[in-house]
Amino acid sequence: MTSPPERLIEVSFDGIVGPTHNFAGLSLGNVASLSNESAASSPRAAALQGLDKMRAVTDLGITQAVLPPQPRPALSALRALGFSGADEDVLARAASSQPRLLRLVSSASAMWAANAATVAPSTDTVDGRLHLVPANLRHMFHRSLEAETTRDVLRAIFADPTRFAVHEPLPGGAHFADEGAANHTRLATEEGVVHLFAWGRTALDRGEAEPERYPARQTREASAALERLLSLREGLAQHAQQDARGIDAGAFHTDVVAVGNESFLMLHELAFRDGGVLLDELRRRLGDSLSLSVALADELPIEDAVAAYPFNSQVVTVRRDPLAMVIVAPLESRENPRARAFLERVVSEDNPVERVEYLDVRQSMRNGGGPACLRQRVPLTRAELGALSARVLFDAALEADLRAWVTRHYRDRLVPADLADPALHREGLTALDELTRLLALGPVYEFQR
Ligand code: SUG
């Protein structure tokens, strides 16, 4: 007789918001990013909102952890592009000749940890190790700068090679553009496990039904490569195309219009192309205990879903017996009557969802990142949890250290013109150097080597 598989503990790794958090209008197809371009930001408020969210999720009984920000402005990228001299000169030259480029290399976008990687837990893989593939984020220059540092950070945390495999980001250019877990959901019931991979366009073959107004970021070929690298056991993957109409309305990632947790999946009808066929297939594979909540466009127009982000919630399991879940949603979806009515309907239905908690992550939301964007889910066995390197698990002591650290180092107000200030760059290096010691991460950044 074989014993039942061990119950996994889902650890929520949130990206700590970086000291250059600002509104630069960088992401075509991301409505919030474009509409808030050049508004003043508050890096300090953003980072504290992130810590408040981690506290709220911890209080729900979830194991919470952190991922550090990345050094920005990324002078290494400016140097690679031919700007030379001392740090001050590199900054000054980039600021005067290509201010837009300075914005790109200054984004704190690594805060959206859902885009950091795609993960398969050890229960689902052929070699019984946890696999992580850092996302190459090739679709957008400012995000592509994250991949290598993310890999190094993940290798510092998931350091034990007998338990963890941290792969290289996918190679090449736009053909294998990968956005990480924003386009991936793991569903699990007593009857089975499905890794649902979503993609928006094809790279090698002629695609069909692709968006016209806004770009599709993830390719089908990238998702197929992820399935191979994650070393998933036979038959666990399911691939689906994002609905082009959703992308054209601003659902640049699947997690803007769909979220799943274990036996529960909530989605907008414009999340997937041929969504009905997909849901039938999921029911067939996962059985009757799979709960589905679908928002129809009549009830919740796609524009409201994109503006208020009810699907960019975290859905967390708060009790096992009987199974109970909580939706952690952004405040914006309480303020939007249709988004709120939809979430209330979900709570009222026969499914594991007990209630909704609304959180203020407005600084992140104004760049198109809700609660779900801010976290990477990593399902671990108890032994794997104990084998993490570095001090990344969020407890009262780490929380206090991080709050003090943010208050010490972060500016309260930033406008894009401040990005040229050499003092901002120095403040960032000092803060991050201190943070790596606080988190016992070792020298993960290039500037520390
Ligand atoms: O990639 N915004 C991010 C938001 C990512 C949200 N993540 C998930 N849905 N998982 C993006 O578009 C905007 C930055 C700016 O405009 O300053 C930005 O990069």
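Modeller: Let's start with a word: a residue is buried when its relative accessible area is under 20%, exposed when over 50%, and partly exposed in between, using a 1.4 Å probe and protein chains only. Helices (H or I, at least four residues) and strands (E, at least two) are DSSP runs, numbered from the N terminus. This is a predicted model, where local features need pLDDT of at least 70, side-chain atom pairs count only at pLDDT 80 or more, and totals for chains, interfaces and linings use all residues. Residues are numbered from 1 along each chain as its sequence is written, and side-chain values use heavy atoms, leaving out hydrogens and water.

Now look at strand β15, residues 375–380: six of its six residues are buried, so the rest of the structure largely encloses it. Arg375, Arg377 and Pro379 are buried on one side, and Gln376, Val378 and Leu380 are buried on the other. In a regular strand, side chains alternate between the two faces of the sheet. Who is the neighbour? Strand β1 (residues 9–15) runs antiparallel to β15, joined by six bridges; two strands pair if DSSP finds at least two bridges between them. One of these bridges links Phe13 with Gln376.

Next, find the open sheet of three strands, ordered β3-β4-β5 with mixed pairing. Its edge strands, β3 (117–120) and β5 (164–166), each pair on one side only. On average, neighbouring strands here are turned by 15 degrees against each other, ignoring direction; axes are lines fitted to C-alpha atoms, for helices over the stretch in contact, and angles run from 0 to 180 degrees between N-to-C directions. Four antiparallel bridges connect β3 with β4 (residues 130–134), and Thr118 has Val133 as its bridge partner. Helix α7 (residues 147–157) packs on this sheet, touching β3, β4 and β5, and its direction makes about 160 degrees with that of β4. Contact means heavy atoms within 4.5 Å.

Helix α8 (residues 220–229) brings β3 and β4 back into the story. Glu221, Ala222, Ser223, Ala225 and Leu226 of α8 are buried, and what covers the buried residues of α8 includes β3, β4, β7 (192–199) and β8 (237–241). After α8 comes Ser231, whose phi is positive, near 60 degrees.
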